Amino acid sequence: MLLKSKTSITSLFILLIWFPSAAALSVKDQYQQYSEVKTALDELVLANHILYDQGALDGYGHISVRNPSNPQTFFIARSVAPSVVKLDDILEVDMGGKVLNDDKRTAYGERFIHSGILNANPTINSVIHGHAASTLPFGVTGTTLKPIYHMSAFLGEGAPIFEIRDFAKPSPDTDMFVSNPDLGAGLAKVMGNGNFVLMRGHGYAASAENIRKAVFRAIYAVQNASIQAEAMKMGKTQYLTLKEAEISKATIEKTINRPWELWSERVRNQK
Ligand SMILES: [Zn+2]
């Protein structure tokens, strides 16, 4: 009996060695062992460079992707500018915003934007946060950012605005950063089932079920903000109706690989 139980324990130990859980592996090991993680991380690095090149991010801002091997964690760069992100810079973070794998490098203070949105919506697998100047006037005036053309049809009936004062505790006066799980959850709540939210006096967050679509949405929402502001100066503006937005979103979002290839080629040629 004793021999049998010893054998079972030994077998279990061997099993654990042979089949370690994804969470127990470093980011580098997961990259090497899981092809879906390799694909996601290669795209994540490229997406950082594209978002900078296309003006959706600047020296600040970040993009995350849910871990394809473990939906309870996500990958995001350590605290560096998006344009210089490399594979070695990627951290793994849990849904509470805790950095895993005993990685002591400095993480983005606003990783809670990502944990909040990814945790609230299991269909979302990629989140982007940035401060693009064109989006700021909408967040501070309350003017609704609406789809001006088919490219940003996903804006639907308009982007909601996250007012940090409604969620900050104990005082509504903050440094404006979404720097804890409660603020991340508040932001996710305001975003709701939409995929874009303005952050008053700060910037925006975009989301999608994959990296390419999140990048597409961030870039075209930022462009929409510039075009809408110009159009509003000229007079009464006709936005896409809700039905037009719904139909054109379905059409245009089937084609997102086309601009992705263009944007990828541009940043590769810059190296
Ligand atoms: Zn920010």
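Is the crossing of α4 and α6 left-handed or right-handed? The crossing is right-handed, a term used when the near helix is turned clockwise from the far one by less than a right angle, with anticlockwise giving left-handed. Helices here are DSSP runs of H or I with at least four residues, and strands are runs of E with at least two, numbered from the N terminus. The model is a predicted one, in which local features need pLDDT of at least 70 and side-chain atom pairs count only at pLDDT 80 or more, while totals for chains, interfaces and linings use all residues. Residues are numbered from 1 along each chain as its sequence is written.

Helix α4 spans residues 111–120 and helix α6 residues 181–191. Their axes, lines fitted to C-alpha atoms over the stretch in contact, lie 7 Å apart at an angle of about 55°. That makes α4 oblique to α6, since angles under 35 degrees count as roughly parallel, over 145 as roughly antiparallel, 65 to 115 as roughly perpendicular and the rest as oblique. On the α4 side, the residues that meet α6 include F112, I113 and I117; among their counterparts in α6 are L183, L187 and M191. Contact here requires C-beta atoms, placed from the backbone, within 7 Å.

Not counting residues up to four places away in sequence, L187 touches I113, G116, I117, F162, V178, V197 and A205.

Elsewhere, D89 sits in the loop between β2 (73–77) and β3 (90–94). Leaving aside neighbours within four places in sequence, D89 is in contact with A77, R78 and V80. D89 and I76 are 13 residues apart in sequence and 8.3 Å apart in space, C-alpha to C-alpha.

Notes
Contact = placed C-beta atoms within 7 Å. Axes fitted to C-alpha atoms, helices over the stretch in contact; angles between N-to-C directions.
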